[in-house]
Amino acid sequence: MGVAELNRRAAARAADLPVGQILPGDCVQSMRQLPDASVDLVFADPPYNLQLGGDLSRPDGSAVDAVTDHWDRFDSFAAYDAFTESWLRQARRVLKPDGALWVIGSYHNIYRVGAILQDLGFWILNDIVWRKTNPMPNFKGTRFTNAHETLLWASMGENARYHFNYRAMKTLNDELQMRSDWTLPICSGAERLREGGRKVHPTQKPESLLYRVLLATTQPGDLVLDPFFGTGTTGAVAKRLGRRWIGCEAEAAYRRAAAERIARELPLDERALATMQAPRAAPRVAFGALVEAGLIPPGTVLFDARRRWHATVRADGSLESGGRTGSIHGLGKALQDAPSCNGWTFWHFEQDGVARPVDSARQAWLLAAED
């Protein structure tokens, strides 16, 4: 088969894909509608099978808004395993040979999911520990506080190609290698979707988590499938970062909330989406964390105190000024032709008509992480 024919078939598949749509109903049935080898990345946040025994209360007697929904109930481990194998088989079918899979879970399910995906031929590249800065406490005082969740990142096989934006991740982390333990806050504040004072979804993931996943392992224009779309965090972040998306979601209320949320999201322009391809004192929080959290979003124009230089923040936390790129420290150093630069105090941004050092945003992040 010639290159022209391969391109024609790829274009035909792309035209048939329900890009930017939330498919209703069971995710396995929905994924069966998609062509083979049509998706670049699958991010899955499946039911955790929490097996909660009764209601959970705080010491003051108030009820904890935990996961008691019907979609998280399974009759047995065998039933959960069968469900897991079904959706993973479909995920594997729709992924391209150089595609990849992300699955997030807790100790209730992640080991079972991991074993099944290995049995199906996936190759685990990393297990990422998401350490929550503000986890829910253990109200009964009978166990350690569950302060983390685990993400598995897997390629299609031991020798399969996959995409990893190593340089972007290093830049996002203030020019240090990104580690497999990620410290991020849980979804809260204005980001948490609510109706009538109640959470729309009990396990809504923070946008900063998906931001890092998509920035690390996809490129602009890539297609991301989320089989358990929920309230649309994957779609919202994908739209912002210039990635295409497809969601599967059985619950009408979640689909409605997700569609409204994604419609409000604005994509970044191409200049802000560019990431570092080549270039320490790491502070307690990296500049990239402020970008992920939206405190200094991509596209923000930074400037020095005397406004001699201006630089645009890019998606991976790098800066661009007149064709020159670098971290907040590296670019500041280069522009001044100085031996070093403390980017936290050198660069400023405008907030409510006032010029503020980027360090003020770092302090705001630290305060939020302590809540």
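This is a predicted model: local features need pLDDT of at least 70, side-chain atom pairs count only at pLDDT 80 or more; totals for chains, interfaces and linings use all residues.
Start with helix α6. Its buried residues are E207, S208, L209, L210, Y211, R212, V213, L214, L215, A216 and T217.

The average pLDDT is 85, and 86% of the residues score at least 70. By element, strand β9, residues 223–226, has the highest mean, at 98. Helix α1, residues 3–16, has the lowest, at 52. Residues 53–59 fall below 50, with 11 contacts beyond near neighbours in sequence. Residues 278–283 are also below 50, with 6 such contacts.

Now the salt bridges. The structure holds 14.

First pair: D36 and R93, 2.6 Å from N to O. D36 is in the loop between α2 and β2, R93 is in helix α3, and 57 residues separate them. D36 is partly exposed at 48% relative accessibility. R93 is partly exposed too, at 25%.

Next pair: K96 and D40, with the closest N and O atoms 3.0 Å apart. This pair links strand β3, which holds K96, to strand β2, which holds D40, across 56 residues. K96 is partly exposed at 25%. D40 is at 15%, so D40 counts as buried.

Last pair: E350 and R307, 3.6 Å from N to O. E350 lies in strand β15, R307 in the loop between β11 and β12, 43 residues apart. R307 is partly exposed, at 41%.

Notes
Residues are numbered from 1 along each chain as its sequence is written. Side-chain values use heavy atoms; hydrogens and water are left out. pLDDT is the predictor's confidence in each residue, from 0 to 100. Helices (H or I, at least four residues) and strands (E, at least two) are DSSP runs, numbered from the N terminus. Contact means heavy atoms within 4.5 Å. Buried means under 20% relative accessible area, exposed over 50%, partly exposed in between (1.4 Å probe, protein chains only). A salt bridge is a side-chain nitrogen of Lys or Arg within 4 Å of a carboxyl oxygen of Asp or Glu.
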